[in-house]
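These are my notebook entries, set down in the order in which I looked things up. The sequence and the model come before them.

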Amino acid sequence: MSLPIDGIHDELLAAASPGCRILLKAPTGSGKSTNVPSFLTPRGNDGPLTVVIEPRRMAARLLASWVAKQRGSELGHDTGFSIRFDSRYSPATRILYMTDGIFSRWLQDDPQLRNVGTVIFDEFHERRLAVDVALSRCLALQESSRPDLRVVVMSATLETAGLADFMGPRTISLETSGRTFPVKTHYRPAQAPVIQRSGLPPREVPIWERIADVVKEAIGSPDCGHILIFLPGTYEIRKTCELLENAAFTRAWQIFPLYSGLTPHAQEQAIAPSSQQKIIVSTNVAETSLTIDGVRTVIDSGLARIASFDPRRGIDTLHIHKISRASAEQRAGRAGRTAPGVCFRLWSESSHAHRPAFDAPEVHRIDLAETLLLLKAVGIDQLETFRWLDAPHTASAERAMALLQQLDAIDTQQKLTPHGLAMAALPVPPRFARLLLAGLEQGCVSESCFIAAAVQGEPIFTGRGNVSRKDFHHPGSGTDFAAEYHALQSAKNLRFDPKACGSAGISARAARELEQGFDRLLALARKRAWPIEAIDFPTHAAAIGHAMLTAFSDQLGMRLSSSTMACRVIGGRKGKLDEESIAKHAAAFIATEMTEIEGREVTVHLRRATAIEIPWLEELFPHDIHRSDGVAYDETRRRVVARKETRFRDLTLESFESDQGVNLSLAAEMLAERVLAGELLLKNWDVAVDQWTARLNLLASLMPELGLPSWNHEDRVAAIAQICHGSLAYKDLKDAPVWPVLRDWLNWQQHQWLDNYTPEWCDLAYGRRAKISYPAEGDPFIAVRVQHLIGTWTTPTICSGRQPLLVHICAPNQRPWQMTKDLASFWASGYKQMKKDLAGRYPKHDWPDDPKTFTPPPPKPRNWIFRQRNIPHLNETFLFHLRQQSKVHKNKKLRWPQALLG
Ligand code: ADP
Ligand code: MG
């Protein structure tokens, strides 16, 4: 059968010279994955290898077996595959399909790709992080020591413009459109939950039941072809298949599940051409990776499991997400490959518009620690200079670096450590690599392997059945993983029978997967000739605790008291330890699972814990233990107390408070902080102080030649700290004098300047005075009744005439009638208008027709006290002394300084 890709066979071969860069875009089913590697790789026993990188294990294996058949050889000879934990290839292999994870490890072991002639990146549009990085490294390799390497990038849906720029000007772009037929789209959104008998909550219709309804509808049409159903995961696929197999309307149909956990044979059966009508119930592997001929109906749940960083477990996990519009388009396209088709979407047309247009590339979704560690291990140290197609977000790069540092994979200068090098050589994420290495150092390899497999796998306890985790606990084991291990043994004894396991509260599937994962890690250890002892949690409790602490030090928790399960967790979090945890009697513990509980405050539910002893912290992380001899603030007594504490990072291990021996300068700092925040009030810090600072700032800016210090926020902070010095409690502080501190700010000469150039009072005609206001922002001003301005014909100034005062000319009721800096023109014209407006309303006041010839009555003597005592001059320094020394003021609460100012 000819495929669209055959049409560009010659073009492709012409472009594929040594050192070429080819960007190939063709729709799904065109023959890219099967034919392009074949075209580029002549049959024969020697010649360089063609590596095809696939994002999915299932695709790599199925494609390899199909291509092997087409090239007339047995799988593993001319054509082979290599995926995690399974591979089939030999020295004679010329085409090798592999996953991106395996290719990353290849690049690690052989950065020159010595036997490889061509690297083909398939399904590039999936934008896997490992693929982004591998492409970048292959392009760099081509530019340095491997100018002969051929690099081909293939994709079905890619926005190729940006990628072509990234790959550089010598890139040859090829494209073939292929055949496509129209696909009609129907939307089948969920109905409202079904109302049940009284007392029961409304029941959501599960997705498999909705799918079955749509299958029934689709089968009604005569040319529905094969039906392809997209679901997010194995569980939903199994449920759907079960339901369809038992339904009457699918009696004439064959039903095939398609997901990675199936045997290769079952997978091949699902995608093999067939004349009988069939329904394929698949994960998103059938979206673009595999093509099934004869599909004319697609039923799309709109969901997929997408890898993203899971803060709950601190690792990447597959969570169910709504797919993007681009993915939905691809899925629909599967129905129109050979003839017109239909697509049913299990969501509404209106919600479709709200879906994201594209999926974010993985570099923006998943944990970067492993990728960054692998780059460091091959000497790519400067991550900023690495050629990223999309650079990682700074926050996630920093989080990854912090983790690597905690795991001692890199040092404080971000250089790879010997530990880091060893971790990069292990094909597991860094945290688990560290756990395995710590297991080796501590002598608990088997237990570490088991825990690494358990944390990465799905939970083995279902929470149902008549047995709980507690029943599997063994005394003295110190870790909840011991219970999981015993549960696994039970499941094994039950031969992983789903029913029997289920009634023991164990998921048979999770148990089987855990068993496999554990075996693989043990095999890894065995290959390295690590000493493997029989599992014995109680005997190895201390070793296991040490190993867990090494790998999960950022998940350390401590109970607040023995009476509650409430805990403090590193990172300033609060948490609650699971009631059933065996670690609840320990001083501290490591929790490998943290679920956020939404509430008034964010708390985390802590599970799968391992007991820790406090001395181990100092033993393993001596640099993270901090002993401080500091202070703390007692909110209720509003006083500072001495506090001795021992912390591990930000987690307090021990603390002790006392009123004795408080460090005075720390106390001052702590009180000052509260004063600045407005929590504590200094009674003597009043308007007059703010006026003083405003005057100082004005003078410093208008007369810079005086070299006065200006007053800014830091000065305020420093002054308040100085005022607070010597106080331990608010009661000592609230009446603390302010002026002595401010006075010390300036020397005698500077005080003189301040009083002369920015006086507090402004002299007016006929012996009158007006108080000058210095606002923090804007011009200084006086507010004076118009009658008192008579005789003052020009605007008064300060700062040696550099700053005219803004005059608020007030009516007899003290409200400003006009504000001006030009008093002369007020007298020339404005006054007449004012008189006209106000004279009628205030007849008792003087409104002379010609103020220039009018003599006002003398002012009443106001500052009589100073006159009596013959005090020549009033300034703050003087006022301060008065306030300090006057017993009259203090004892009798005579408010005369205020009266003087006003
Ligand atoms: P592309 O990579 O462009 O999406 P493929 O190369 O995967 O296309 O597929 C091209 C053709 O090969 C399809 O028509 C498909 O039916 C067929 N094909 C590929 N693999 C298999 C297989 N394992 N079994 C049956 N048919 C297959
Ligand atoms: Mg393909």
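Helices (H or I, at least four residues) and strands (E, at least two) are DSSP runs, numbered from the N terminus.

Conventions. This is a predicted model, in which local features need pLDDT of at least 70 and side-chain atom pairs count only at pLDDT 80 or more, whereas totals for chains, interfaces and linings use all residues. Residues are numbered from 1 along each chain as its sequence is written, chains are lettered from A and ligands numbered from 1 in the order in which they are written, and side-chain values use heavy atoms, with hydrogens and water left out.

Entry on confidence. I looked up pLDDT, the predictor's confidence in each residue, from 0 to 100, and noted a mean of 89 for the protein, with 93% of its residues at 70 or more. For residues 867–872 the pLDDT stays under 50, and the model gives them 4 contacts beyond four places in sequence. The pLDDT is also below 50 over residues 887–902, a stretch with 20 contacts beyond near neighbours in sequence.

Entry on the sheet. I traced an open sheet of 3 strands in the order β22-β23-β24, with antiparallel pairing, where two strands pair if DSSP finds at least two bridges between them. Because β22 (625–634) and β24 (651–658) each have a single partner strand, they stand at the edges, and one side of each is left without a neighbour in the sheet. The twist averages 25 degrees from one strand to the next. Between β23 (residues 639–648) and β24 I found 7 bridges, and Thr646 stands opposite Glu654 in β24. Helix α23 (residues 664–676) lies across β22 and β23, at about 55 degrees to β22.

Entry on Ser30 and α2. I located Ser30 in the loop between β1 (21–25) and α2; it is buried at a relative accessible area of 2%, where buried means under 20%, exposed over 50% and partly exposed in between (1.4 Å probe, protein chains only). Leaving out residues up to four places away in sequence, Ser30 touches Leu3, Pro4 and Ile5. In helix α2 (residues 32–40), 8 of the 9 residues are buried, so the helix is largely enclosed by the rest of the structure; among the buried ones are Val36, Pro37 and Leu40.

Notes:
Axes fitted to C-alpha atoms, helices over the stretch in contact; angles between N-to-C directions. Contact = heavy atoms within 4.5 Å.
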